[in-house]
Each structure stands twice: as structure tokens, then as C-alpha cells.
Amino acid sequence: MLLLAVLALAVMLAVSMLVGSGMISVAESVHQLLHPSDRADIVWTLRVPRALLGVLCGAAFAVAGALIQALTRNPLADPGILGVNAGAGFAVVLAVAILGLSRVQQFLPYSFLGAVLATVLVYLLSTRGTAGASPVRFILVGVALAAVLGGMSQTLALLNPTIYDRMRFWGAGSITDRPPETVGAVVWFIVAGLVLAMLCAGPLNTMALGDDMARSLGVPVAALQVACVVAITLLCGAATAAAGPIGFVGLMVPHIVRWITGPDQRWVIPGSMLVGAVLLLTADVIGRVVLWPTELQVGVVTAFIGAPVLVLLVRRRGASGL
């Protein structure tokens, strides 16, 4: 599966270089790749950064979804449904409204802060009461928080036309027309989150047996939970700052991978990294051609794909084991 995912990723990277509002031939694409100083170059200046950003954000959202599902033992959990993306997005909109920020590097700290606050708030609200947390409570609290923060973000944007103009494509989830320095601004945060997620994979397998059993087997449960939250914050914060709150990638991809590999997180997390990148690149290419010569934002395409998947998961009890 990993080899096929690597092959699919290579194919989609090649397609991403060729397809767009200005179609170019394979020969022209190769020429521009080999001669990056050409003034007419659109491959190195536009399509390569866009493809790299799609790979990074797809991997980040997918691995964050796999971590959240493993940590909560909830097959319907993902950064969008649990409000993590909405928290990061609201923090960015608030920073733009109050401070007038306009660059990705300026978005990052606020995006991180919003992601971690949303994660902590969902966890605290879900665990209140004697019954404790449950998958249903996590979903309900996360959806409610995402709706509230999304509504507040839209209100701020509509009250200020300048903010609306800056944020409308970002809020839909887009890797189009990002500043050239966007990849460099987020790559190390995402790489750090992916490495931390890989380190958590083995202990997460033990935690699937229950917290008490994991403790008896020597797993530091509290430290593992903190490490997972840090990884989720790095991944969602950086990816949301760069591309906006793209939904459903973190929900779909871990299930697709588990259908093939089983529930072992040592396979699920690297598989989600690759399949998430492939999915986001595929959605981006579809968005380029479905309304050609104009483009559909990648967040809209993933929502069209993800909504039926969510319905399927709700209707099918044993969709994939955790």
C-alpha cells in the first residue's frame, strides 16, 4: 500500500505540473523544470510551490485526523469535526481583524494558539460530568464549537469588507495564489508534527487497550496525550494558516488506510501521510478542471468528496477498527 501511495503521489505531482488554467505540454513542463530562469516560467514560480503546499497540508490534516481518532478511540473524529480547524481559523480571522495581518508568517502563532485552545476546550467540555467523555459527546461538542467559531469568523469577515476580501478564499480552504514564502514558513512545523506523530504510533497501539491497561504496560499515558496534542497543534495550526480550514481530509484518509493495513498505528500514520497528500493534490487538480478556465477551491472539492464518506461511516458500524 505504501509503495502504491508513493507511486500515486509521484503521478499526481506530475499531473499538478501540467494541469491548470493555462495548460502546458509535457515537453514544455520538462523544459521549464530544467530551465528555471526562464522569464515565462509558471512551473517553478506557481505550480511547484502549489504542489508542495498541497503535499504538506494533505499530510498534515490526514495525520492529525489519525492521531485524534486513535487518541479519542472515536472513528468519527477529525480536526474539522472536533473544531480544531475552526479554532485555528477563527484565531487567524481575529488577528486579521484586530491587527491587520496579511502574511502567512504572521498568521502562524495565532493559528497555533487557536488550534490548541479549541482542542483543550473540546476535551474539557466533553469530560465534564460524572459520565465522562464518550465518542458522541466529543462529536457533539466539537461540531457545536466549530459552528460557533465558524459563524463568528463569517460575521467578522462580513462586517469588514477588507477582511472579507482577504479571507474569502482562505476561509474556503485554498492552496491557490499563496505567497511564494508560504512553503518555507510552514514546512518545519509540519515536519516536526509528522515526526512527533510517528514517535507516538507504537504507544498509541497500547492505548487502544484502554488507559489502565496501557499504564500497567508502562505507557506514560499523560505524556503521550500531551505529545499527541502538541503534534495535532503543529500540524493543524501550520496547515490551516497556510491553506485555510480544509475539512474531511482528516476523517476520510485514516479510514481508507485502516481498511487496507488494519488498526496498527505504525502503518496507519505513515500511510495517512502519503494518502492524505495524494487526496489533496487530486482534489486540487479536480478543482482546476471542473470549472475550467476558472478554479474551484480545494476545500470545496474535499467537502463534496467527504460528505458521502461521512454518511457511509455513520451507516456502517464496523467501517474500520480502531
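At 33% relative accessibility, isoleucine 305 counts as partly exposed, a class that lies between buried (under 20% relative accessible area) and exposed (over 50%), judged with a 1.4 Å probe and protein chains only. Isoleucine 305 sits in helix α13, where helices (H or I, at least four residues) are DSSP runs numbered from the N terminus. The model is predicted, so local features need pLDDT of at least 70 and side-chain atom pairs count only at pLDDT 80 or more, while totals for chains, interfaces and linings use all residues. Residues are numbered from 1 along each chain as its sequence is written, and side-chain values use heavy atoms, with hydrogens and water left out.

Together with Ile286, Val289, Val290, Leu291 and Phe304, Ile305 makes a nonpolar surface patch of about 530 Å²; for such a patch, nonpolar side chains (Val, Leu, Ile, Met, Phe, Trp, Tyr) are joined within 5 Å, and each residue has over 30% relative accessible area and no salt bridge. Two or more residues of this patch come from each of α12 (265-289) and α13 (298-315).

The structure holds five salt bridges, each being a side-chain nitrogen of Lys or Arg within 4 Å of a carboxyl oxygen of Asp or Glu. In one of them, the side chains of aspartate 284 and arginine 50 meet at 2.8 Å, N to O; because aspartate 284 lies in helix α12 and arginine 50 in helix α3, this pair ties together parts that are 234 residues apart in sequence. Aspartate 284 is buried at 2% relative accessibility, and arginine 50 is buried as well, at 12%. Arginine 50 forms a salt bridge with glutamate 295 too, the closest N and O atoms being 2.8 Å apart, and glutamate 295 belongs to the loop between α12 and α13.

Turning to the aromatic side chains, the structure holds one aromatic pair. The ring centres of phenylalanine 112 and phenylalanine 189 are 5.0 Å apart and their planes stand at 55 degrees, so the pair is tilted; rings of Phe, Tyr and Trp (its six-membered ring) pair if their centres lie within 6.5 Å, with planes under 30 degrees apart counted as stacked, over 60 as edge-to-face and the rest as tilted. Phenylalanine 112 is buried at 14% relative accessibility, whereas phenylalanine 189 is partly exposed at 32%.

Note on methods
Patches are made of residues with over 30% relative accessible area and no salt bridge: like charges are joined within 9 Å, nonpolar side chains (Val, Leu, Ile, Met, Phe, Trp, Tyr) within 5 Å. Accessible areas come from the Shrake-Rupley method with a 1.4 Å probe; for residues, only the protein chains shown count as cover.
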